[in-house]
Amino acid sequence: MILVTGGAGFIGGNFVLDWLSDAATEGIINLDKLTYAGNLETLDSLKNDSRHIFVHGDIGDKELVSKLLQEYKPRAIVNFAAESHVDRSIHGPAEFVQTNIVGTFNLLECAREYWNSLEGVAKDKFRFHHVSTDEVYGSLTVTDPAFTEKNAYEPNSPYSASKAASDHLVRAWFHTYGFPVVTTNCSNNYGPYHFPEKLIPLVILNALNGKPLPIYGDGQQVRDWLYVGDHCSAIRKVLEAGKLGETYNIGGWNEKANIEVVNAICRILDELKPRVDGKSYAEQITYVKDRPGHDRRYAIDASKVERELGWRPTETFDTGVRKTVQWYLDNPVWIEGVVSGSYRDWLQKQYN
Ligand code: NAD
Ligand code: DAU
């Protein structure tokens, strides 16, 4: 078995589905706190799959995590569990410190104790894979080279600071205790099951609902976009062949300004589901107040993982974003399930 944390969230959910889509693979214990971002409907297709064991709980719960490790004896842990939304971290950083830092610390300590109890091949083969972000490297100018694994950490938001802290803990557990870790730092994911607080799904749903498409500041902030299926294959590759103690940047080689992303979504929607008045969805674009401390540009140099492990993304932005828009058009039931009262409260708070 492997233990996945945060496997009811966007990337974790995609990873669990992807992993178990191979009938021959081992099972997953999926530990998730089911915060507003966790959604069991994402995992609906696994209801009758005995290889998926879902456990509702917190990575910060020492007793629970230790019990799960002793009971299921996983050969690896993949840690996705986190508070992940930058805007929410600005409104309320405490949960980010709790889960991303204290929670990761607890997970590391429980896992180290478990690993110490293993022997022989089981001990040698054990892996702790920590999923992190490119945001830990801070912000680039338009002309700076893309982030490599050698860039200094310069986090600028409560979210990225909390992720940076967790990365440092993971690193220290390797150097101090010889605990077998690998870390991946990836760029902006997008794809199916993405909670619509983030730019791409928010824009798709707002467009279809006739609402404004909010662009922070001048819309010229640049992100690198990674299709979530590509991210899952990268994690599998690093888990299988990554060198212990190493970090790997994972990116899509798809740098885009936010306004370009939003215009691309509008163009696809104009084609697939034209507005009844015949106008473009781009008419709904609305410039709003900028995010405080908004990082200008992220760009990932993903050549190390390609050179050393032979991984490269398969989707371009054009193919990935088209699949994503189509997925949201085809899955109204999933969408209905996530746009609850608490989601509407968040939109009210953030966009007034
Ligand atoms: P998400 O917010 O969609 O999902 C997070 C999941 O973790 C949810 O299911 C939530 O219920 C669970 N969770 C939160 N706190 C928990 C706790 N204390 N114990 C157990 N479970 C808990 O996040 P995501 O976008 O899927 O991101 C997954 C990971 O990837 C995070 O670590 C994030 O920092 C990292 N990451 C995300 C992106 C991205 O573009 N989404 C990019 C780079 C890195
Ligand atoms: O870079 C990796 C990070 O990508 C992950 O670590 C985070 O977990 C993930 O949430 C994401 O962070 P961003 O802040 O880049 O993603 P978000 O979708 O919130 O915003 C993308 C860009 O779009 C960012 O420049 C802010 C802008 N934006 C966002 C929203 C929600 C808008 O212009 N309007 C919006 O309404």
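1. The buried residues of helix 1 pack against strand 1 (2-5), strand 2 (28-32), strand 3 (52-56), strand 4 (76-79), strand 7 (188-190) and helix 8 (228-241). Helices (H or I, at least four residues) and strands (E, at least two) are DSSP runs, numbered from the N terminus. This is a predicted model, in which local features need pLDDT of at least 70 and side-chain atom pairs pLDDT 80 or more, while totals for chains, interfaces and linings use all residues. Residues are numbered from 1 along each chain as its sequence is written, chains are lettered from A and ligands numbered from 1 in the order in which they are written, and side-chain values use heavy atoms, without hydrogens and water.

2. Helix 1 (residues 10-20) is largely enclosed by the rest of the structure, because 10 of its 11 residues are buried (under 20% relative accessible area, 1.4 Å probe, protein chains only). Among them are Phe10, Phe15, Leu17 and Trp19.

3. Helix 4 (residues 94-117) and helix 6 (residues 158-177) pack at about 15°, with axes 8 Å apart. Helix 4 is therefore roughly parallel to helix 6 (an angle under 35 degrees). The contact (heavy atoms within 4.5 Å) includes Phe105 and Trp115 of helix 4 and Leu169 and Trp173 of helix 6.

4. Arginine 291 lies in the loop between strand 12 (285-288) and helix 10 (303-309). Arginine 291 has a relative accessible area of 16% and so is buried. Its side chain makes a polar contact with that of aspartate 87 at 2.7 Å (a pair of N or O atoms within 3.5 Å, one able to donate a hydrogen and the other to accept it; residues adjacent in sequence count only if both atoms are side-chain atoms).

Terms used
Buried < 20%, exposed > 50% of the residue type's maximum accessible area, 1.4 Å probe, protein only. Axes fitted to C-alpha atoms, helices over the stretch in contact; angles between N-to-C directions. Parallel < 35°, antiparallel > 145°, perpendicular 65-115°, else oblique.
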